[in-house]
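Trainee: Please pick one part of this model and take me through it closely.

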Amino acid sequence: MNLIKDEILFFFGENPKTFDVIVIGLVSILLGIFLAFFVPVIKETTNMLQKVIIVLIAIDDLGGVIANFTKSTNNFHASSHKLRLFFYSLHILQPLIIFITFKTSISFFIFSWLYSVLAALLVTEIIKDDYKSIFASVFWLIGIVVCIYIINPPVIVLWFAITFLTKLILGYSINHFP
């Protein structure tokens with residue numbers, strides 16, 4: 001029971017609003033299903049295992065985007081330096097799973113993981129509070145442009161790159177409720 005409580009705390013923070021948890025769950029599940037089974041280019045070019053992985057990663061990634069903008073998750077993670085570093089260290093897993101499952105380029109794997117984490121770490125740990133939002137926005141925009149036009153990943157994983165950048169750089173690295 002304590003493990004479940006710790007996981008809920010990690011994803012939703014202390015005392016999350018029921019509304020927030022419902023929205024995070026519904027939106028991430030529905031968008032994951034939509035991506036895997038209704039977006040033509042993904043639906044037509046992926047097998048069932050890949051579709052399941054898309055849904056699971058979408059639940060975590062898209063849910064994380066929304067959760068990082070809630071007061072409960074934001075304040076919980078902003079309160080602990082060690083927790084933030086642990087959070088960043090976990091975020092090699094999603095790009096690695098995408099890399100293995102969809103046989104993307106090594107440049108896509110390294111970029112989606114390393115650029116996102118390093119940019120978020122810079123904003124979180126080095127840049128002064130008054131400048132965090134502006135630098136996060138700049139890093140996010142650079143990341144999207146570089147990803148789309150230089151890394152040029154397959155369309156079936158482009159959603160992941162954009163939401164991963166959003167989750168870590170815009171969502172997680174800024175304390176939205178100081």
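Mentor: The lining of the second largest pocket has 4 nonpolar, 9 polar and 3 charged residues (nonpolar: Ala, Val, Leu, Ile, Met, Phe, Trp, Tyr, Cys, Pro; charged: Asp, Glu, Lys, Arg; polar: the others, Gly among them). The model is predicted, with local features needing pLDDT of at least 70 and side-chain atom pairs 80 or more, while totals for chains, interfaces and linings use all residues. Residues are numbered from 1 along each chain, and side-chain values use heavy atoms, without hydrogens and water.

This pocket (an open set of points on a 1 Å grid over the protein atoms alone, with protein on both sides within 12 Å along at least five of seven lines; lining residues have an atom within 4 Å of a point) is lined by 16 residues. Nearest its centre are Ala 78, Lys 132, Ser 173, Ile 174 and Asn 175. Two or more lining residues come from each of α5 (71-78), α9 (132-151) and α10 (155-172). Helix α5 contributes the most, 4 residues (helices are DSSP runs of H or I, at least four residues).

One of these elements, α9, also packs against another helix, α8 (residues 106-126): their axes, lines fitted to C-alpha atoms over the stretch in contact, come within 10 Å and cross at roughly 170 degrees. The two helices are therefore roughly antiparallel (over 145 degrees). In their contact (heavy atoms within 4.5 Å), the α8 side includes Phe 108, Phe 111 and Tyr 115, and the α9 side includes Lys 132, Phe 135 and Phe 139. By class, the contact has 13 nonpolar, 3 polar and 2 charged residues.

Another lining element, α10, holds Lys 167, whose side chain forms a salt bridge with Asp 60 (3.7 Å, N to O); the cut-off is a Lys or Arg side-chain nitrogen within 4 Å of an Asp or Glu carboxyl oxygen. Asp 60 lies in α4 (residues 48-67), so the pair ties together parts 107 residues apart in sequence.

How values were computed. On a 1 Å grid over the protein atoms alone, a cavity is a set of points where a 1.4 Å probe fits but cannot get out, and a pocket is an open set with protein on both sides within 12 Å along at least five of seven lines; lining residues have an atom within 4 Å of a point. Axes are lines fitted to C-alpha atoms, for helices over the stretch in contact, and angles run from 0 to 180 degrees between N-to-C directions. Angles under 35 degrees count as roughly parallel, over 145 as roughly antiparallel, 65 to 115 as roughly perpendicular and the rest as oblique.
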